[in-house]
Amino acid sequence: MLVQIKTDNHIEGSARLQDWVRDEVTDSLERFTPQLTRAEVFLSDLNSHKNGAIDKQCTVEVHVARLDPIAVTKDAGSLEAALNAALSAITITLDSRVEKMHAKKGRTPMGGVPE
């Protein structure tokens, strides 16, 4: 699975940040790896130079084989909290989508012969 990390112009996309995000994404989505082709992470600072309680945003978009891309966006007070919230939400969404995808494979049509 390819992991791409993008930041806005208010967050320094250092190698350390890139490595940390890549490790978090890989660990969180490990069980979905066979179905995933790519994961994109977008990190941004909503208030740029101003301080705010919830001013960091993380969007995680995953590309699943044979499905449309799935994306979630979460806001938090820190990049770590925003990333963790987004990864948690995308994991729940992937659980549901992948489960539905597997359920369709074993269904029996009206003719009685499994597909």
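Lys6, Arg38 and Glu40 are tied into one network of salt bridges, a salt bridge being a side-chain nitrogen of Lys or Arg within 4 Å of a carboxyl oxygen of Asp or Glu. By that rule, the count comes to six salt bridges. The model behind these values is a predicted one, in which local features need pLDDT of at least 70 and side-chain atom pairs count only at pLDDT 80 or more, while totals for chains, interfaces and linings use all residues. Residues are numbered from 1 along each chain as its sequence is written, and side-chain values use heavy atoms, with hydrogens and water left out.

Another of the salt bridges pairs Arg31 with Asp95, with 2.9 Å between the closest N and O atoms. Helices (H or I, at least four residues) and strands (E, at least two) are DSSP runs here, numbered from the N terminus. Arg31 is exposed, at a relative accessible area of 52%, whereas Asp95 is partly exposed at 30%. For these labels, buried means under 20% relative accessible area, exposed means over 50%, and partly exposed is in between (1.4 Å probe, protein chains only).

Then there is Lys56, which turns up in two salt bridges, one with Asp45 at 3.3 Å, N to O, and one with Asp55 at 3.6 Å, N to O. Asp45 belongs to strand 2 and Lys56 to strand 3 (residues 56-64), so their pair ties together parts that are 11 residues apart in sequence. Setting aside neighbours within four places in sequence, Ser44 is in contact (heavy atoms within 4.5 Å) with Asp8, Ile11, Asp55, Lys56 and Gln57.

As for the sheet, four strands make it up, in the order 1-2-3-4, and it is open with mixed pairing. Two strands pair if DSSP finds at least two bridges between them. Strand 1 (2-7) and strand 4 (70-76) are the edge strands, each pairing on one side only. Neighbouring strands are turned by 15° against each other on average, direction ignored; axes are lines fitted to C-alpha atoms, for helices over the stretch in contact, and angles run from 0 to 180 degrees between N-to-C directions. Strand 1 and strand 2 run parallel and are joined by six bridges, with Thr7 standing opposite Leu43 in strand 2. Helix 1 packs on this sheet, touching strand 1 and strand 2, and its direction makes about 135° with that of strand 1.

Next comes the nonpolar core, meaning a set of buried Ala, Val, Leu, Ile, Met, Phe, Trp, Tyr and Cys residues joined through side-chain atoms within 4.5 Å. The largest has 28 residues, of which Leu29, Val41, Leu43, Val62, Ile90 and Leu94 touch the most other members. At least two residues each come from strand 1, helix 1, strand 2, strand 3, strand 4 and helix 2, and helix 2 gives the largest share, nine residues. Ile90, leaving aside neighbours within four places in sequence, is in contact with Leu29, Val60, Val62, Ile70, Ala71 and Val72. In soluble globular proteins, nonpolar side chains tend to be buried together.

Helix 2 also holds Ala82, which counts as buried at 0% relative accessibility. Beyond neighbours within four places in sequence, Ala82 is in contact with Lys56, Gln57, Cys58, Lys74 and Ala76. From Ala82 to Gln57 the distance is 5.9 Å, C-alpha to C-alpha, although they are 25 residues apart in sequence.

One backbone angle deserves a mention. Arg66, in the loop between strand 3 and strand 4, has a phi near 70°, a positive value in a residue other than glycine. Most residues other than glycine have a negative phi. Arg66 is exposed, with a relative accessible area of 64%.
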